[in-house]
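Some labels deserve a check against their cut-offs.

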Amino acid sequence: MLAYLAARLARMLVTLWVIATVVFLATRATGNPIDFLMPEGLDAESRRAMISYFGLDQPLATQYLSFWRSLWDGEWGLGLIERRPVNVIFAERVGRSLSLLLATLTVTITFGVPLGVAAAVWRKSVLGNAVLLAAFLGYAIPNFILAILLLLTFSFSLNWLPSAGSGTVLHYIMPVMALSAFFIASLVRYTRNSMLDVLSQDYMRTARAKGLGEPAVILRHGLRNALVPVITVIGLQMTTLVSGAVVIETVFSWNGVGDLLVGATMRCDYPVLQFGVLIVACAVVVINLIVDLIYSAADPRVRLAE
Amino acid sequence: MMSGGFSELRDPFAVVGLVFALGLAAAALLPIYWMVVISLRVDDAILSWPPQLIPPASALGLDAWRAVLSEPRVAAWLMNSAMITAGSVTLALLVATPAGYALSRGKTPEAAAAGAAILASKLIPATVLVMPIYVLARSAGLLNSPVAVVLGNLSFAVPLATYLLKNAFDALPRELEEAALIDGLGRLGALVRILLPNIAPALAATAVYVFIVSWNDFLFARTLLSGGTSTTVTVGAASYLGEITVHWNRLMAVAMLATLPCLIFFLLLSGQLTRSIGTDVH
């Protein structure tokens, strides 16, 4: 297990290094980022000042080294809009965004997997069809439109839930619903398909033949085997979840990393964007590591294959 | 489809599940019902308390729909969304089909490395890609062009589509194409005439996936298009929220216009989808 963990950690660091380098190159290789990101008609004097402020007049290798040195030192520069250190701006918001992501992930798995199992086991009945109908709707509605619908229904019309902010448990309900609908829907469909494959296997018949009750057959023998490909899917969906969170945070004024990044993209806040991208990448990589660990716990063969 | 009826109700486990599932279906349907009702309301009593779940007939009419459909920008948004989605689906399938085939059949180290790189690119969220794509689009003069949004969509649709189609090709026995080759078809002929019809369900699942993520895209359209009439319907709907008085009935009508195409596309291909067991990843 330790060797497995070490291998995953090493791979995670390599991934982060690649992403950081891609970000570094992407913002520089296509020309001077100042020309793209600063307002049109910047006078030559301010342009020069900007370029030397960001060290963009240095050779690429020097820039790359100082990029890593500043990362290491926590010297991330000043955000252009807020005029505060980038690491302070992010420190205030990272926790809120992570808690939203984790809540969404928890809700997605808690609802998606059992509903998928139900849709497979009772595929010919009202129950299975009700689940599929809900999954179908969740899959096809744009999450931004769903967010507005939820706001209108539960906040403006029914007055049950707060429309903006992130203070209490009540604040989580709508963003988590809007964000998880697509993922619950896809998890239901995938769990259902995976379960249907498993239900027809010989070992299911054997489990019944040796006298196990139906819930034990389905949960212990069926679900455990069906889950392995499902966990892979959860891992693959994490990036989509993180991108979706950006939009949802904006709609619900979540004050997280997502709406910070949208604002920074609109107003070309280059220091915030550059490090925001790295933070988002870190989140995805760490969540993938967690998914991998769950994966190896569910299926010992994964660990042995490494 | 409903042949089993309520026979599982003898099992208490199933009763709890049924209540839960019906509750979930109701929760999924309530906002949709609300969307339809509000888009049909003529008055401003939308936010009145208590909410009228069943509004009086006198409060209903097609005013909002008439207003929305007569706005030239709404037609432009729908057109943009349709163009971007059609372009994304077509190009994603054109790129991912040969890529998935090559990854499935080519067992060289290069193919394995390419496969790993494609899967690793799924690790990079669109949030990370949007800034480099913005910079690239600007230097290529594609800013405010639907082409830029298509390229943005492809950046994350192609890796997953390739992965899905590789799995589909993996599931086909090699004997199938060997027989085709012996009978005188070339590799391309075998791919197009023998293999593709056999993976039709996976192609449909992939098309639905790309359709939905492209049609529902907010991030790329919001960043790469300038707004006004040149944006997509999802982003366009958001512009109603920025107005001084929000016309909820019009917003809901636009929201329905933004939702319906996905539902229709999904329904059209649902026959294919149910046969794609084990090949779709979403």
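A salt bridge is a side-chain nitrogen of Lys or Arg within 4 Å of a carboxyl oxygen of Asp or Glu. The model is predicted: local features need pLDDT of at least 70, side-chain atom pairs count only at pLDDT 80 or more, and totals for chains, interfaces and linings use all residues. Side-chain values use heavy atoms, without hydrogens and water; residues are numbered from 1 along each chain as its sequence is written, while chains are lettered from A and ligands numbered from 1 in the order in which they are written.

Q: What makes A:E92 and A:R84 a salt bridge?
A: The closest N and O atoms of A:E92 and A:R84 are 2.9 Å apart. The cut-off is 4 Å, so the pair counts.

Q: Why is A:E92 called partly exposed?
A: Buried means under 20% relative accessible area, exposed over 50%, and partly exposed in between (1.4 Å probe, protein chains only). A:E92 has 40%, so the label is partly exposed.

Q: What makes B:D63 and B:R66 a salt bridge?
A: Their closest N and O atoms are 3.9 Å apart. That is within 4 Å, so the pair is counted. Both residues lie in helix 2 (residues 63–69) of chain B, 3 residues apart, about one turn of the helix.

Q: Is B:R66 buried or exposed?
A: B:R66 has a relative accessible area of 56%, so it is exposed. B:D63 has 42% and is therefore partly exposed.

Q: How do you know that B:R105 and B:E177 form a salt bridge?
A: The closest N and O atoms of B:R105 and B:E177 are 2.3 Å apart. This pair links distant parts of the chain: B:R105 is in helix 3 of chain B and B:E177 in helix 7 (residues 174–182) of chain B, 72 residues apart. B:R105 is buried, because its relative accessible area is 11%. B:E177 is buried too, at 4%.

Q: Which residues are linked with B:R105 in a network of salt bridges?
A: The network holds B:R105, B:E177 and B:R187. Over all chains, the structure holds 7 salt bridges.

Q: What makes helix 6 of chain A close to its expected span?
A: Helices (H or I, at least four residues) and strands (E, at least two) are DSSP runs, numbered from the N terminus. The expected span is 1.5 Å times one less than the number of residues. Helix 6 (residues 126–140) of chain A has 15 residues. From first C-alpha to last it reaches 21 Å, close to the expected 21 Å. It is mostly covered, with 13 of its 15 residues buried.

Q: How many helices and strands does chain A have?
A: Chain A has 13 helices and 0 strands. Of its 306 residues, 57% count as buried.

Q: Which residues make the nonpolar surface patch?
A: Patches are made of residues with over 30% relative accessible area and no salt bridge; like charges are joined within 9 Å, nonpolar side chains (Val, Leu, Ile, Met, Phe, Trp, Tyr) within 5 Å. Accessible areas come from the Shrake-Rupley method with a 1.4 Å probe; for residues, only the protein chains shown count as cover. The patch, about 440 Å², is made by A:V14, A:W17, A:V18, A:V22 and A:W68. Helix 1 (residues 2–28) of chain A gives the largest share, 4 residues. A:W17 lies in that helix. At 45%, A:W17 is partly exposed.

Q: Why is B:S214 called buried?
A: B:S214 has a relative accessible area of 5%, so it is buried. It lies in helix 9 (residues 200–215) of chain B. Contact means heavy atoms within 4.5 Å. Leaving aside neighbours within four places in sequence, B:S214 is in contact with B:T85, B:S88 and B:N153.

Q: What is the phi of A:S253?
A: A:S253 has a positive phi of about 45° although it is not a glycine. Most residues other than glycine have a negative phi. A:S253 sits in the loop between helix 10 (214–251) and helix 11 (257–266) of chain A.

Q: Where in chain B is confidence lowest, and where highest?
A: pLDDT is the predictor's confidence in each residue, from 0 to 100. Confidence is lowest in helix 1 (residues 12–39) of chain B, at a mean of 77, and highest in helix 3 (residues 72–105) of chain B, at 93. The average over chain B is 81.
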